[in-house]
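Here are my notes on the model.

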Amino acid sequence: MAAEIVGAIFGALSCICGTPTCNCIDQHRNFNDDVDELRRKLNSLTSQKQEIESRIQEAEARGGQMVRQQGQEWLKQAEEIEVKQQAFLEKVQGVKWYKRACLDRLVCRKINMVKEMLDKGSFPEGLVIERAPAHGNIIPTENLVGEISTKEEIWGYLMGDEVGMIGVCGIGGVGKTTIMKNLHNDLQRETRFEKVIWVTVSHPLNVFELQKKIADAMGQRLRDDEEVLMRAAALMEIMTRVRYVVILDDVWQKFSLKEVGIPDPNVQNGCKVAVTSRSSEVCSYLRCKIVEVKPLSQEESLKLFLSTVGDGVLQVPGLEEILKLIVKECVGLPLAIVVIAGSMRGVDDVNVWRNALTELQVRVSSVKDSNDEIFKRLRFSFDRLDSLQLKSCFLYCSLFREDYVFSRRELIECWIDEGLIDGLPSREAAYNRGHAIIDRLEKNFLLEKENFFSSGFAGFIYPSAGAKMHDIVRDMAIISIGPEFGYMIKVGMNLVELPDEHGWVKDPEKLFLMGNNILKVPVSLPPKCLSLSTLILSSNPNLLEIPESFFGEMLALKVLDLSNTAIETLPNSISKLENLSALWLQHCMKLKYLPPLANLRGLKKLDLHEAGIEVVPQGMGMLISLEYLDLLFCQNLKEIPTGILPNLSSLQYLGVCCMQETTIIRNLEEVARLKKLETLECQFDGIQDFNHFVNKFRDFQSAIAYSLGVGTARDMVRQSKYELVITECEIGEECVVLPNNLEYLWILRGKNMRSSLNKTALLENANELRRCRIWESEEIECMVELDSSSSSTLCCPVLDKLELLHFYLLPKLCELVRVEEAATPPYVFSNLKTLIIVYCSRMRKLLPPELLQAFQNLEEISVIDCEQMEEIIASSDLDGSSNKFTFPKLRRLILLNLPQLKSICSAKGVMISDSIEEIEIQRCRELKRIPVQLPLLDNGQPSPPPHLKKISMDRDSKEWWESVEWDHPNAKNLLKPFLKYSRY
């Protein structure tokens, strides 16, 4: 009744007062309708958001697909709008009638805002895109000598239907792992299996960790808070989706596949599981078809020895018989052969060889069992290391858990902390010495080269140089250390508490307890540790606290590592450790408090990388010996008080974050006063902070190495001496000031990058830039745009020095270089060695013919997953004549998954590249001709390119290979020995 009365009054007023009142009254009447419309639009937005989230989850579950960046950004914006507008609706629900006219205009704006979001959520180009089918990682390994028949037997079981479980058995060092590594790499070229998974199991068996490794290899993640049984069920469901081979290396204990979550391999699912073990009982328990790996024959052993030490030793008079006797002492064990041969490489004195034979015979004369059989021979190689420093660094590697992969940087830092590398004038010199030691140990086969994978940077996993120790070599090293050294090693043993008093060595000097699940430590250690110099408790993720008196009697302690633990405070007793030289607290994200450090005058390293501290430790300014300070990614740390940094006069390495909301930025002036500083790693919140740094310290930068990050990345790449990574920043709107000596630039998810590189000031001063990566930037359409304007050549001198260009997921990129008719093309990219283009879906032509003379130094061209790519060398008006395109240094030509690729060059053109080593062409079904010109012999017949190693294609391309044309009719028969089928 009241509403009717009010309506009647408004009707009368509209007649009396005219149009303005009419509009106001209409808005009042429309208010409820508009609010209802806003509510309907929000419901639609919620439904659309749920549908997109569901599609993303399905894509992630299927694997092989990735979500476009716009999709993630849309979800984030939609969530914000949904929350804000729902709150708005709640506020206006009971609003007074006299306010409705004004609010209605605001409601209409909000309706339009939600409509706009709904339109954006249609994703006409698709929400997800296909990933490149997963390449299995090729594992570094040695070529086989003598194990060919064993390898072929295992291969037959892998390819056949009769055997699902394969057990590869043999004594330590006989070559089981090497055989399986070779088979793993061969399986990457097969299409029979969708996944080939390698997992090193090691001792003792940790089912939780094994599940994690397999899930990671499948590109999936298991919940850490679930019990092993539930994780096994989840893993079982994941693995039933694909046909796989799982290789479990170095299995020591009996277990069941179901316990882990691996489905039983059988004829129906077509899957395989292969196990390597020194125990045939373990293989029998798993119901494996057992394949025994036997030692090499004398002839095979000699061949392997010579391939390692070098055939030139046979030219030394009187050496051949001695060499054969040394090989005989290796009893056909490949590991012993390569290690001993490595230790004798470069020796051409017969007397030294005779002495080596005598030492080896004496050492193995007391052999008692198969373990001694290999250990004594490996110990011979260790004894031949010619310095105490080499031996000490080698033995230190054994103190970490079995099969642990070191990054080179981590290992060298450990050696520096332990004093194994010291007395050098700079940290750079110490690093050079460390790299030389690692190289020497690798050449002697006491360490193995291994990729170290870091996964912190912007969600990407990237490899760097690493190393690991063979488990048998590690066992030998631990035996060599002996109890007299006072080392106590309890690593990776799933301990939940420290050993009791009976499990301790007397007065230990070094105590290694990393990689366990220790929950707490006692008030004091069972024995008095008056001589303890190193205590490593890192990677005990549930360790919450250290008792106050724990460090009370450890006055000799020099190295303390509590990284990757859950500790919240450190006890005050740590302030009494006046001999402490290195304190590691990396990734202690719950750590809030450190006691005063003023008494630790000998402290050289303080590593608080990604720790949870809110203030710097009291007394840090008194650490006059401090050489290494890492405060990177300490998100709660608000400032380094003024006056502290200048006191750290010995500082060689500094890692800090410079965020807008903190006062750390003000301390950059103090950084310039650190005269011994060699390396600065710094993360900036935004472009403005970064520009302030560059403008202020141009002269200072030339004296130090730096790794700088801007934006959201949470790790450093460390691939160059002078590097910068910009992540998720407004590149187009803000002017980025680059350091003059910058060598490596990586722009990831740059926003508003609309201008080509030569028409922006971005690279103007980067005169030393050598490598550039631009990834996932939405707007950029052309990298270099050459026309008659003066701005066209703004950055051409910089571009001409580039050696690597890598473009990834640039959806609007159409051209690498655009040359207008009136332009006189300058030389750009004349020093370019590597060109990689991935997921640039709109590119049709790669290299313009006008600029081919500029690409004479190209060594690699890789074009991958560019769905509209039609030509590698674009056609020109001269296509009617025969064209020769010369690439004198090209070694690798990689063309993968280019469904529209029709030509590499013009119909009558040929590519001349005698330097070519590898050609890989896969899923390029429209390509009818490979125009690589083969060199001709004196008789006019073609010959393979002199450096060619392989031509790779996927199994499905066999028919394509038969139909594709080459420049010479006999080319296919001639090149058939180089043909390799791989699994793309």
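1. Axes are lines fitted to C-alpha atoms, for helices over the stretch in contact, and angles run from 0 to 180 degrees between N-to-C directions. Helices (H or I, at least four residues) and strands (E, at least two) are DSSP runs, numbered from the N terminus.

2. This is a predicted model: local features need pLDDT of at least 70, side-chain atom pairs count only at pLDDT 80 or more, and totals for chains, interfaces and linings use all residues. Residues are numbered from 1 along each chain as its sequence is written, and side-chain values use heavy atoms, with hydrogens and water left out.

3. The protein chain has 25 helices and 38 strands. Of its 984 residues, 53% are buried (under 20% relative accessible area, 1.4 Å probe, protein chains only).

4. Helix α16 (residues 388–397) meets helix α17 (residues 408–417): their axes come within 11 Å and cross at roughly 120°.

5. Which residues make the contact? On α16 they are Cys393, Tyr396 and Cys397; on α17 they are Leu411, Cys414 and Trp415. Contact means heavy atoms within 4.5 Å. The residues of this contact divide into six nonpolar, no polar and no charged (Ala, Val, Leu, Ile, Met, Phe, Trp, Tyr, Cys and Pro count as nonpolar, Asp, Glu, Lys and Arg as charged, the others, Gly among them, as polar).

6. Helix α13 (residues 334–344) is mostly covered, with eleven of its eleven residues buried. Among them are Pro334, Ile337, Ser343 and Met344. Just after α13, Gly346 takes a positive phi of about 90°.

Technical notes: Buried means under 20% relative accessible area, exposed over 50%, partly exposed in between (1.4 Å probe, protein chains only).
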